[in-house]
Each structure stands twice: as C-alpha cells, then as structure tokens.
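Keep the 3D view open and follow along.

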Amino acid sequence: MTAPASTSTLDASAQLSASLVARFPDSVTADTRPGFSGFIIKKENLVEVATALRDEFGYDLLSSVTGVDYLAENKMEVVYHAFKTTGGPNLVFKVQVDRVDPIEVPSLYEVWTGADFQEREAWDLMGIRFTGHPDLRRILMWEGFEGHPLRRDYKEAFFEEEAKPFKSRWPEGNHKYAEFRTPHRDNLIFPEGFDPDNYKPENEDELYFSLERSSTKREEDALKTDHIVVNMGPHHPSTHGVLRVVVELDGETITSLKPVMGYLHRNHDKIGERSTFLQILPYTDRLDYFNSMANNFGYVTTVEKLMKIPVAERAEYIRVIMAELSRIQNHLIFIGMLINDLGSMYTPSLYAFEERELILDIFEAVSGARMMCNYFRFGGVVRDVPDDAMQKIKDLVHDRLPGKTDEMERFLNENEILLARLKGVRVLNAEDAIRHSVTGPCLRAAGVPYDLRRADPYSVYDRFDFDVAVRYNGDMYDNYLIRFDEIRQSLRILEQALKQIPQGSINSQKPQYQVRVPAGEAYGRVESPKGELGFYVVSNGKPNPYRYHVRAPSFVNLTAVESMCKGTKIADFVALLAMLDIVMGEVDR
Amino acid sequence: MYGKGILKGLGVTLNRFMETYLDDISWWVRGKKRYNSAEGIAHRSSKNTRGIFTVQYPEEQLLTPEEFRFVPFLVYDEGAEGKQEVRCTSCGICAKVCPPQCIWIVRTNDPNTGKPVPQPAQFYIDMDICMNCGFCAEYCPFDAIKMDHDFDIASVSRNVYDLEKLLKPATYYAKIRPQNYNREEEARKAKEAAKAARAAAPAAAAPSA
Amino acid sequence: MENEGLNLPNYNIPEDIQNIVAVTTLDRLYNWGRRSSVWPLMFGLACCAIEMIAAQTARYDMARFGMEVMRPTPRQADMMLVSGTVTKKMLPSIIRLYNQMPEPKYVVAMGACASSGGPFKEGYNVVAGIDKFLPVDVYIPGCPPTPQALIAGMIKLQEKIDKQSIKQVRWYTKGKVDANYVPMPILGPDLIDVRRNAEYKAAAAVKATQESA
C-alpha cells in the first residue's frame, strides 16, 4: 500500500465529486460553506447513496458518525466520515434535517454495522432518531434521563456561562463552591413539577428485550435447556474498567451479549465545547489514559489543520518519538493485562509495568507528569527534550527495550497453557472487522494492512522505513503476537527518528493562551495504539469550538464485541474483550 | 515435549529472581550502598536496572525531574526586613487559561482612587479541582505562579488553598527548579539592563540635541 | 527497634529483650493490627486506577504497608479507594459496594475527581465528589496523584487509624452500627438522593413561586 501523493489528492477529490454528483444528480450536492467540504445528501436517498459509496466507490470503512446542532439555523446535521481500507484521504458526507422533534434520519446500520454504537450515541446525546436502527436505546446515559445533553440549548446543573473563561473568577473571584450556585446544592437538575416521592424508576426491560431479540438460541435442540442471563460488571475484576456486559448463556456458550457503558461518561464533548481550544488539550490526556501523548497528537493535528499552521521540524520528530514510546508501553501493558485476564495473576504484568515505569520516567522528565502529559501545543511542543532525557530515550531504545521484548516473548510465547487458550479462538475475520469499523491491531491481525501511518500519513511518518505489522489468521494468538510485531516496528521508527532528529526550534508559533482558529471544520486522525483516533472539530471563529467530537477507537471497536463473542464459551469472553484493548476513559469519554 | 514452553518461561522468572541477589553481591563487592543511597536509586531507574526494582517510599524517594509538576504555588521574593514581595500582579491570565477554572483571584483596588493595584487581595486555588496541567505556570508573564514538587499534601478535608497557603519564597523555587530559575533570572536581568540602557540613552542623547 | 509501631513510646524495655517483648496498650495493639493490614477493595474507576495499579507493582510496592491484598469482594475489604471520576450512572454500584463492606471501613478519595468532581465537575453526568454520599477519610489531591503521593495518602490514613480508640469507634458503639448505611440513590430524570427528597420538593416549590411571581 502506498501513500497517495499530496498533489494528486485534489484532483482525486474533484474527480470523485464530479462522478458522485453525476451518479446522483438529484440527491447529492457539494457542501459549499466556507471552510467546509464534502457533500450534503438528501435524507431520503441516504441509504442508496451510502450503499453506492461502499460498493461502487470503495469507501468500505465508516469511521465516524456524529451530529452537529446548528441552533441558529434551526438545523440538525449528521456528519459521516468514510475511508477506503486501501488508503487515501477521507470522504465527508452530511445529512441535514430540520431541528424539530422528532428529528429523524435513516440509519446506516444495514450498510455499515460500525454505525451501530455511534448512531446510538447520537440519539442519546443529540436526540437524533435513526429510523431503521434495530436497537436504538440510550448508550451513555441511562434510560429515563431527561434531555439530550449535547444539544446547544441544554444547560447542565453547574452551568455558569456559555464558554470559558468564566467571569466570576477574576477580578472579583471570591472562592465559591459550584454547589452553592445551584438550587439543589448539587450537580442535579430536575424537570418542572418533578415529584421524587412518587417517582417510579424505569427498569431495564429494554436492555433485556434487546438481549432476547438478538439471541441465537437454537430451538430445534434435542435437549431442552434453559438459558441464564449473567451480568458482568460494572465492578468486575477482569473487565477493563467500569464496563458492564450482559450475557445470555446456553450452558457455557454465549448466545447473546450486550455491553452496557457510560459508567465513566465524563461529558468530554460538552466540556470541550465550553472550553477554549487550548483548554481542551489537558482534557484529551484523560481520554485514553494510557496514551496521553497519542491523544494530544490527534487533537493538535486536527486543530493545526483548521488553523493551517506549520509544525516546527524538531517538534515533529519529538512528537513521533513520544507517540511511539507511548505505543510500546501500551502494548506491553496489553500483554501483561491479557495474561492477567487469562488467570495468571501478576507476574507478566509486573514485568510489563517495570518497562512502563522506565518509559513514564521519560515522560515525566520531558513533560512534567507521568500519565497526563499535556505536552503538545499547536505548532509544536511545550519544551525541548532535556539532554539527560534524550540520553535515556536512546538508552532504552538501543539497549533495553529490544532485549526486554525478546525476554517477554521467551517468557510467554511458547507457554503451552497460553497456546491452548489463545490458538484457534476466532476473534474477527477481515470482512467482519471492516464491516464493524474495527481499526488498529485487531484489524491488522485479521489480515488487512491498514495503518494510518502508511494509509494516510500524518506528521513525518512518511520519512521512516517500517513495515505495517500484519497477520492473517485472525485468532487470539495472532492478535497477541501482532502486539510484539508492532513494538518491534515502533522501535525501528524510534531508531530512525533519533538518528534524523534535527536541531532547531520546537514551536513554529509564539506561546499564546488564546489561539485564533478560523471558521470551518476539520477531521484529524492518528493511529493511536488502539486504532484510529479521530477528532472532528467545527469552529465558528470564536475562542471555543462550536462542535467537538472524539471518534474513540475503543468505543467503535467495541461495536464488534457482540458478533465476536456469540457462540464462544463464557471462559473466553474476558480474553476476547482484552483483545480489543479497550480503555473505558475512551469508550465513555 | 509438552511443558517445554512453561519451563522456558519459568527460566525467565528464575533468572530475574537470581539477578536481585547477583546485583546485591556485585554492589557489596564494590563496597557501594545499593539501598537508601542516591546512586542506588538512580541505578534502579536506569537502563541497567535488574532484579529488585522497588524504591521504598517514604524511606527512599524517586529522583524528581526538574519539570515535574504537581499543584501550583505562588512565588514571592524576600524583600528588606523579611517583607514578602508577591510577584503576582493579579492580571488574571492564570484564571483565564485554567481549564477546570479552579483559580479565583480578587484584585486589589486602591481605596482612594478605586483604580486596580497590581497585587492580589486574595488568591484561591481549589486543589481538589486542579488537574495539574501546568498552564498557569506556563503562561504567567511574571513568573509568579509555578508548579510545585511537593506531592505529600493529602489531608482529611477538602483542600482549598488561599494566599497564605499558596505563597512560597523564591529561594524554594530556585531549589526545586534551578535551571528554570537561573534562565528566568538571566532573562529578567537582561530585560532590566535593556530598560536601564533605554532610560540612559535619551538622557545622553538629549543634551546633544 | 523491631516493633516500633506497637511499643508504647517512652517506655524503656531492656535492650536484650527488645525483640521479644513489647509493652503496649490495647488501643495501640488494636490499631497496629488494623493499620498494618488494610485490605483495599479491588475497584478502579478511571485514570487514577492505573496509578493505583502502578502503586501495587514492583516499583512502589504497597505490600510493604500490608495493602497488597486487593479483595475483589467488598465483604473482605477494609478500605474503598475511590480512584477516579464518580459518575451518576456508576454511583448506585459504588454505594451498594460500600454498604456491603463490613465495619471498620474507610473511604479514601484518590485524585481530584473523587474528591470534588475535579476537572469534570461541571459535567452533567459527574457527581461532584464522593463525599456527597460516603464519609471520606482522606482526600488525596492530584490528577492523578503519583503512586508516591498515593502512598503518602495511605500513610495519612494509617495515622488516622492510629488515633482511634477502641472505646469510641462507631462499630462497637451501641445503636451506631449502621450509622454509615447509605440508602441507594435512584437513577431518575437525574440522580435522586432519596435522603433529600423533601429538599428537592422544597426547591421545586420555591422555583415555581419565583416563576409565577
């Protein structure tokens, strides 16, 4: 797979535009708002056009689905981003509907199954009803919650002002707890005339009906068996954070499964829309809290696209170095935690954490914090890498990490118990993975060499010589081994980056706390260790974004968990979940 | 042979177990202190660390890199007779840039004229909201607010710091961040020199004109 | 000296039997036993949980404080380390876990989010601090607190345990056994803390009269 030359991108998109409009002259128009791109598709023809895009134009991977609430124009817009798994830039298409409840848009579930959770999220947070979606329930909030919080006119209980900075902080900033500003002295908001004494909470019937609907229980079985429903989590020692999974079992076989999330929904998008562009940066650290560097990377790439500013040469290399170090420690932890999930408590994860600590020492020396680095700035990074930290990076990359990776492989790879648990247990095949919009190591282990660092190169990744790690069996063992391959490739990139890194300034911009971002939209994406991390930002020229959406790889990858696990044994479930390498901070945001 | 892989793995654990004692012996032979010494702690954080990895906080403590940040504090210079010259001018940039908006500043107003005086009347930081991002220190134009190294601040009640608790002397700042302090001092001296030169230049130029 | 935490201070034990004999009070013995084996509930919420795991690993090794036995069941745990953002959706589960823990039990709010809602305080799904519902013993600031800061907080908790007296602790006091029982909140149009129903109604009434006026 080769990267398309940037000069031909424009031609290609013009060609695509012409052919698409020619194919659907009545239903497709180009989006001509300044700063925006892509197409606007008529709601009635959406499914038809989307099917053609997938089958005729080759956009087989639906990356992101999200809503934008244009309150002033009284419009609600759904934005889709689709990609080709053979590489190349993105295709944006939108549907606009009037902002009058019920807001209805046809569901693309049948075209791309990967739209499943994202459409549910748009329903939950924006109140857009996707007709034809088989399981449209709230996903992050609970059933019965009042309102759709990401609408522009929704005001949370601790609402102070439309955007930060709040005027109450300075110059008359007498400290006052937020609690004392609200009627209930707490982060609570109730509808008018609410009577708590006679309130009947909604039960979880919807969830269990949906579980029943998607069950694959076979009726013609000779032996009539009862099936049981097991609730795992949200407090479960093996789930990765606070995820709850409802499983229907026939004996030990999973017949149906529904993940329930939102237990760590921290309102990232809403807080982002209240914050200035710079203030969002430390919040992105807390998305995938193992890889704050990768999150920073994705966000600054997106905003730099909007601002159209260059990045200092040295900073580009520093960014790549930090992102790859982050990838190595993430994969090491993945391996340790996987073994943990398989029942071998501690030892491998303790070994993994040892190397992670050494990498975190570097992050601490460079950025000031171990986990929440907040190291990137628009146009560069915050400070240069100190000499001793640079020496330590070289020490680790050249002398320690290759040996330790080998040691880890020697330690685990041939272990018969591990092989028995992992080999031959199916995770995903290529077709399923693409259909469910799965990205990252899981997709590559299914035989699709789709890595954004090659497919749609960002930063300076096109200057390095490395292979896209790919394996073909799609079973758990391949999913496990591909992490080692990726660590090796990351080390290769690191070696070259450390050799090539130039001297010079580390930021192309002057440090300023209020950046000017022109109006428009941008979708930036990077290959985070978990998959494609995308940020969709709409700016209207104000200091804070109008719409800010995170396309989190963990969240979208989790769409596949249901089809992955049906028919397997309950004992394999936790390991299969580990394969997706989800982190709840990113799933729930 | 079934079990060979397991044995191979156990070999790795045995090796790592032995390394602790081999390293202990080699430190002992060289007559050096492995535990409770700066050299030992530095070695345990280097690429050569093997075997035991524990740094026994609170008896030992990891080496804190200069850039390490925990919570913010305000810097004051020690003036004559122990007077605290607070660097903060209550310009409010830190309160504006703070992502979780946990900084509250009351600006001093001159009681006679009602005009603002460049000094904070009160300064609050809610340490239980602070997300340790370091923006306040990064964008402060007066080097007045800095990130602390002291992380042992757990308490049995909510932590809202006022001016009294926030203020720390410049000597403390110089101690925890020597490189930054020296760089800032040099910049400040250069600026003052330039200012003095500019002030002197018109005075020198005036008589000739 | 071997039994530093156990021995009564300023009581001179002859040097040759120092390692065999300890002179102490019942309170001291009781607290020494409890503070040296605080078993945390194996329970993580968000980013802080990762630092909690890191504190359990080789480099920081909380086992040195008798805190390595992370119990997955609340029935065997002494301390709940609320490590991360408490969301409204998660809160009923947390309360249920807390109510299942046997006395004596402690709650440590690790990090900004658990202490006050932290950077996410303004969010519509975030509880502004676990202390709204559970009695918190130690607050550890930081986002997230480094493992060393967490251990420093744990030492604070040990100090707090040291100060307790067997005669006054609530779990041996008549009529106070269930003093810390927290009724389950309900997930309605927003989170409903059933202890405060009357307050909600009063606030709604005030709002209604304000609007009509």
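Before we look at how two helices pack, we need to know what an axis is: it's a line fitted to C-alpha atoms, for helices over the stretch in contact, and angles run from 0 to 180 degrees between N-to-C directions. One thing to keep in mind throughout is that this is a predicted model.

**Two helices packing in chain A**

- Two packed helices are described by the angle between their axes and the distance between the axes.
- Helix H15 (residues 476-500) of chain A packs against helix H18 (residues 570-580) of chain A at an angle of about 35 degrees, and their axes are 10 Å apart.
- When H15(A) passes H18(A), the crossing is left-handed.
- H15(A) brings A:Met476, A:Asn479, A:Tyr480 and A:Arg483 to the contact, while H18(A) brings A:Ala575, A:Leu576 and A:Met579.
- Sort the residues of that contact by class and you get five nonpolar, one polar and one charged.

**Helices with a buried face**

- An α-helix has 3.6 residues a turn, so residues three or four places apart point the same way.
- Take helix H4 (residues 205-213) of chain A: its buried residues are A:Leu207, A:Ser210 and A:Leu211.
- Look down the axis of H4(A) and those buried residues fall within an arc of 105 degrees, so they line one face of the helix.
- Now try helix H1 (residues 26-35) of chain C, where C:Tyr30, C:Asn31 and C:Arg34 are buried.
- Around the axis of H1(C) they cover an arc of only 90 degrees, which puts them on the same side of the helix.
- Strand E2 (106-110) and helix H5 (147-162) of chain C are included in what covers the buried residues of H1(C).

**A buried isoleucine in chain A**

- You'll find A:Ile362 in helix H9 (residues 347-367) of chain A.
- Is A:Ile362 buried or exposed? With a relative accessibility of 1%, A:Ile362 counts as buried, because the cut-off for buried is under 20%.
- If you skip neighbours within four places in sequence, A:Ile362 is in contact with A:Leu325, A:Lys392, A:Ile393 and A:Leu396.
- For a sense of distance, A:Ile362 and A:His236 are 126 residues apart in sequence and 32 Å apart in space, going from C-alpha to C-alpha.

**Chain C as a whole**

- Chain C has six helices and five strands.
- Starting from the N terminus, the elements of chain C come in the order α-α-β-α-β-α-β-α-β-β-α.
- The C-alpha trace of chain C spans about 85 × 40 × 30 Å along its principal axes.
- Chain C has 213 residues, and 57% of them count as buried.
- Take the contacts in chain C between residues at least 6 apart in sequence: 70% of these join residues at least 24 apart.

**Domains in chains B and C**

- In chain B, the domain assignment gives domain 1 (1-62) and domain 2 (72-195).
- The C-alpha centres of domain 1 and domain 2 of chain B lie 42 Å apart.
- In chain C, the domain assignment gives domain 1 (38-148) and domain 2 (183-213).
- For chain C, the C-alpha centres of domain 1 and domain 2 lie 28 Å apart.
- Nine residues of domain 1 of chain C are in contact with eight residues of domain 2 of chain C.

- Most residues other than glycine have a negative phi, and most peptide bonds are trans.
- A cis peptide bond joins A:Lys164 and A:Pro165, with omega at about 0 degrees, and A:Pro165 sits in the loop between strand E7 (128-131) and H4 of chain A.
- Another cis peptide bond runs from B:Tyr57 to B:Pro58, with omega near 5 degrees; B:Pro58 is in the loop between helix H2 (38-44) and strand E1 (72-78) of chain B.
- A:Asn374 isn't a glycine, yet its phi is positive, at about 50 degrees.
- A:Asn374 lies in the loop between H9 and strand E11 (376-377) of chain A, and A:Asn374 is buried, with a relative accessible area of 2%.
- B:Asn36 also has a positive phi, near 55 degrees, and is found in the loop between helix H1 (4-29) and H2 of chain B.
- B:Asn36 is partly exposed, with a relative accessible area of 48%.

How values were computed
Residues numbered from 1 in each chain as written. Chains lettered and ligands numbered in written order. Predicted model: local features only at pLDDT ≥ 70, side-chain atom pairs only at ≥ 80, totals over all residues. Heavy atoms only, no water. Domains from an automatic or database assignment. Buried < 20%, exposed > 50% of the residue type's maximum accessible area, 1.4 Å probe, protein only. Helix = DSSP H or I, 4+ residues; strand = E, 2+ residues; numbered from the N terminus. Arc of directions from axis to C-beta. Left-handed = near helix turned anticlockwise from the far one by under 90°. Contact = heavy atoms within 4.5 Å. Nonpolar A, V, L, I, M, F, W, Y, C, P; charged D, E, K, R; others polar.
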